[in-house]
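The sequence and structure come first.

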Amino acid sequence: MIKKYLDKKVHKSFKNAIPFLMLLFFLIPNGYSKNNIDTKSASEVLEKLIGKRANEFNLQLIENKENNEDWFEVESTSNKVRIKGTSNTVLCYAAYHFLKDIGAVLVSWEGNSINLPKKWPKYAKKESTPFEYRKYLNVCTYGYTTPWWDWGRWAQEIDWMALHGINMPTAMEGQEAVWQQLWKEYGLTDSQLAAHFAGPAFLPWQRMGNINSHQGPLPQEWIDKKVKIQKNILTKMKALGMHPVVPAFSGYVPKVFAQQHPNSKISELSSWSGGGFESTYLLDPKDPLFKEIGKRFIAIYTELYGKADFYLADSFNEITPPVSQEHKYDELSDYGSALFETIDEAAPGATWVMQGWLFGHDKEFWTKEAAKAFLSKVPNDRIIIQDFANDRYKVWENQEAFYGKQWTYGYVHNYGGSNPVYGDLNFYKNELTSLLENPNKGNLVGYGVMPEGLNNNSIVYEYLYDLPWTKGKEPVGDWLKKYLTARYQVAPSDAVFQAWELLIESVYSTKYWETRWWDSRAGAYLFFKRPTLKITEFKGNPGDKEKLRQALDLLTKESKNFDKKSLYYYDLIDVYRQYYSLCIDELLVDCVSAYQSKDIEKADELFKSIAQTSSDIDAMLVGQPINDLNYWLTSAWNYGNTTAESKLYLKNAKMLVTLWGGEGHLNDYASKSWHGMYTKFYWPRWQMFLQAYKKSIINNIPFDESKERDLIEKWEIEWCNSPDFY
């Protein structure tokens, strides 16, 4: 059924009305000139987007902010678009906002939709944002999405950032070269460092002190490539007026370093995330080596990449601080002051940035008293706490807006790059309006989303980065009409708009995909989790499946009016894969229940339906090239310069989206709704499990679920070690 649906002259009077002075304004070189060196970076982004028509845009950079807020102003005539803005990034956002408003352009990860009018419509708008910083990119994105990105892909993403008004991106590439030089200065050898570094896909968690060496070694060629890429990244970001957040020392040292410094106070920490990983080692903030190492890291980083204004340092990401109970608050205060002072002494005037994730994830430890102590010796205006889990935790409210410190509000939205179709547009809108009106919001300076993975649910990110400018005043329905017009290059019919209203009510009304941690097992759907008989206890996925089906029927009926290569069909596939993935979950529950009831005939029919539906989804996903297992694996393989490197990258890529590693609950954390995953990974596991269960029922022997899950894990390990690209 799925396959069937998818196969199926300026007016004289106006001219005369142009005042003579206005005509001169366009002819005489002035601050709006596109050739102004100050606006070169914005002009280049616009030219890459719309080609020569960018010459019709006159950009002016305005130094003075109104009420210390970024703002832009757009005015257009039939042949000119004049834009003022407070930074090059703001100019890019203003130009894109105009183009999107008139239905001419929509930029997304899955492709751009561009259909420029011959003449620009008359248009005038002025907007401002109370958020000085619009943040983007989770540190984990550097594992779940970007390990195999070259400079061309990064340049494309930075353009996307600029067009969406983002000016505080997390910039984590290229740091291993700095760590390498630093630890060599302290006597570590190449072989010792090779044993220390994790594989490319797992570096984010080594950087945060969670793991060492996992799925390594890290090839020198990879380190060197990322140095060149980071230099380009920072140059482009800074030219656009962005404020990249770069890494700093947070206290973690290699195991060998700890062994070589027995007189230093270094704590060996417990294995992260339920065990299975090697211990990590944290240097005490009062040890003289703490500041020495931290300042040297920044010195090397500055020599290689230039000065920075914002440094990220997180000592306790999902790690319980090694402090004593009797001196807990004093010791937490020492950690906070050491982190700040190290940055301040190495880069005077720079700001310490930290993730606020720990205050929600480990809220039992991070009481108000503990958080206050940790932050107590840091000046309010020299730290920014990135509170980005407000779709899951209410950290800023529980922590009294961080006691006067600067902080930014936002969401994770996406965990592990796992990509069910979800989000909650009305929640985001209502949260923002109430936040701005809240007298207790403290020193709020920023807003944004920090997804762990990219390339999914583009509508969510499009909406979230308009909110800082609309301030939530625009009704979701009004915004949606403009979005769909730009995306589909035609105003939505009543049926298409009705379908999207149903999508808002069904799937885009889910702020967190609860299913992914059902029964403490990761996975976007039941189908994506390692099999278990416990699924009969499952109470149901979030959202409204019936309304989702109604939306699917409407979109399918209207699909005859669109080209199969259009973004309309991309969205149609999204809705199909979401609906039928939910169907598989229900079929699985019914199938297990039928076997338990010894209704073998019914169970076998359900078994066949699951196999067919997973095959249909897999075939359909060919229409979404970036949602493809082979694309991910090929990207990893091609990043290697030698066969040995390519094999390492290939295994890293497979491990990350399946087993992950360790003995805890991270397997299937990054589960993907991708072409290839349904029939080559998820279904084979359930097929093995259900067939074994059926055999035990027929033979009337006890079913050893633990044994079967062990066999499945062995199969998963073989799958990851296989040279197959699927």
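Two arginines lie over aromatic rings, where a charge counts as over a ring if NZ of Lys or CZ of Arg is within 6 Å of the ring centre and within 35 degrees of the ring normal.

| Charged residue | Ring | Distance to ring centre |
|---|---|---|
| Arginine 53 | Tryptophan 120 | 4.5 Å |
| Arginine 516 | Tyrosine 669 | 4.5 Å |

The model is predicted: local features need pLDDT of at least 70 and side-chain atom pairs pLDDT 80 or more, while totals for chains, interfaces and linings use all residues. Residues are numbered from 1 along each chain as its sequence is written, and side-chain values use heavy atoms, without hydrogens and water.

Rings of Phe, Tyr and Trp (its six-membered ring) pair if their centres lie within 6.5 Å; planes under 30 degrees apart are stacked, over 60 edge-to-face, and the rest tilted. The count is 87 aromatic pairs. One of them, phenylalanine 359 with phenylalanine 402, is tilted, at 6.1 Å centre to centre and 40 degrees between the planes. Both phenylalanine 359 and phenylalanine 402 are buried (under 20% relative accessible area, 1.4 Å probe, protein chains only). The ring centres of tyrosine 579 and tyrosine 580 are 5.0 Å apart with planes at 90 degrees, so this pair is edge-to-face.

Strand 7 (residues 133-136) has both faces covered: Tyr133 and Lys135 on one side, Arg134 and Tyr136 on the other, are all buried. Strands here are DSSP E runs of at least two residues, numbered from the N terminus, and two strands pair if DSSP finds at least two bridges between them. Strand 7 pairs in the parallel sense with strand 18 (residues 443-449) over 4 bridges, with arginine 134 opposite tyrosine 447.

Note on methods. Buried < 20%, exposed > 50% of the residue type's maximum accessible area, 1.4 Å probe, protein only.
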